Amino acid sequence: TLREISNSYLSLNMLINVDAKALEWYAAVYLSQDPVGMEELIDGTVDQHSDNQRRIGLPSRLIAKIFLFRLIFGGTAYAYASDSDFADVGWNAKKWQAAIDAFYQKYGGLEKWHTSLVQEVNRTGKLVMPTGRIYTYERYLKRGELILPRTQILNYPVQGLGADLMTLARILFGKSVMKDGLKVSLLSTVHDSILIDSQQKYVDKVVEMLYNVWNSIPSEFERRFGVKFNLPMRCEVQIGPNWGNMEEVKL
């Protein structure tokens, strides 16, 4: 339990690390409003990576996880077939295209969204996000032809929204810390994680605070941007005296 873990390090300051669960997947599903992805994330019981591994016939959950995130950012059959990360899979481009087709067959809303992004940039040269972020793109020369940067078009909205969601988490956490007068330090924030240093006596409060922060992100998103965030946000919290001895804790 949280109490048992924290009591074993009574004389120490503790590290508390919080990770946003599947940040890019949440961002992509929210932006695309893919109905299957929405249902799965709201329900919270489906492991997308294990399900994709089984449906597509990938050799491991880790490979399925990498496959999903590469596809969110514009991965192609040729790229998968040429990537050393997938060398042990042994699939050619045709086989990888079948895997991509199987993925989009389930998450058809995501495929339509990807297509719409490219079409919008082709028409206007830019994308405008729900948060007000604006991304502009220029064609580049490839084999004598000016083409759109598809991977950037698909990547920027997801990465940008992920950054916005983590910014909200830091703001909410900072306000909660100041309100309660806790003596804690935010040591680092990298991509989807926040690392905190806390006196041991505050650990229980900080862990509870972090879970509350993640539960509050959707309402804070709507308050700040005037757009409903119709997904829950979930996190994983670990504590320990150092990064080599961290244990997950749940409320």
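**Where two helices meet**

Guide: Start with the residues that touch. Phe103, Tyr104, Gln105 and Lys106 of H7 contact Gly108, Leu110, Glu111 and His114 of H8. Keep in mind that this is a predicted model.

Now find the two helices. H7 covers residues 93–106, and H8 covers residues 108–124. Two packed helices are described by the angle between their axes and the distance between the axes. Here the axes come within 4 Å of each other and cross at roughly 105°. Angles of 65 to 115 degrees count as roughly perpendicular, so H7 is roughly perpendicular to H8.

H2 spans residues 23–32 and is mostly covered, with ten of its ten residues buried. Tyr26, Tyr30 and Trp25 are among them. Leu23, Leu31 and Val29 are buried too, as are Ala27 and Ala28. Glu24 and Ser32 complete the buried set of H2. Just past this helix sits Gln33, with a positive phi of about 55°.

Finally, step back to the whole protein chain. Its secondary structure comes to ten helices and nine strands. Of its 251 residues, 45% are buried. The C-alpha trace spans about 65 × 40 × 35 Å along its principal axes. Take the contacts with a separation of 6 or more: 66% of them involve residues 24 or more positions apart. The chain exposes about 13000 Å², and carbon and sulfur atoms supply 49% of that area.

Note on methods:
Residues numbered from 1 in each chain as written. Predicted model: local features only at pLDDT ≥ 70, side-chain atom pairs only at ≥ 80, totals over all residues. Heavy atoms only, no water. Buried < 20%, exposed > 50% of the residue type's maximum accessible area, 1.4 Å probe, protein only. Contact = heavy atoms within 4.5 Å. Areas by Shrake-Rupley, 256 points an atom, 1.4 Å probe, with all protein chains shown as cover. Axes fitted to C-alpha atoms, helices over the stretch in contact; angles between N-to-C directions. Parallel < 35°, antiparallel > 145°, perpendicular 65-115°, else oblique.
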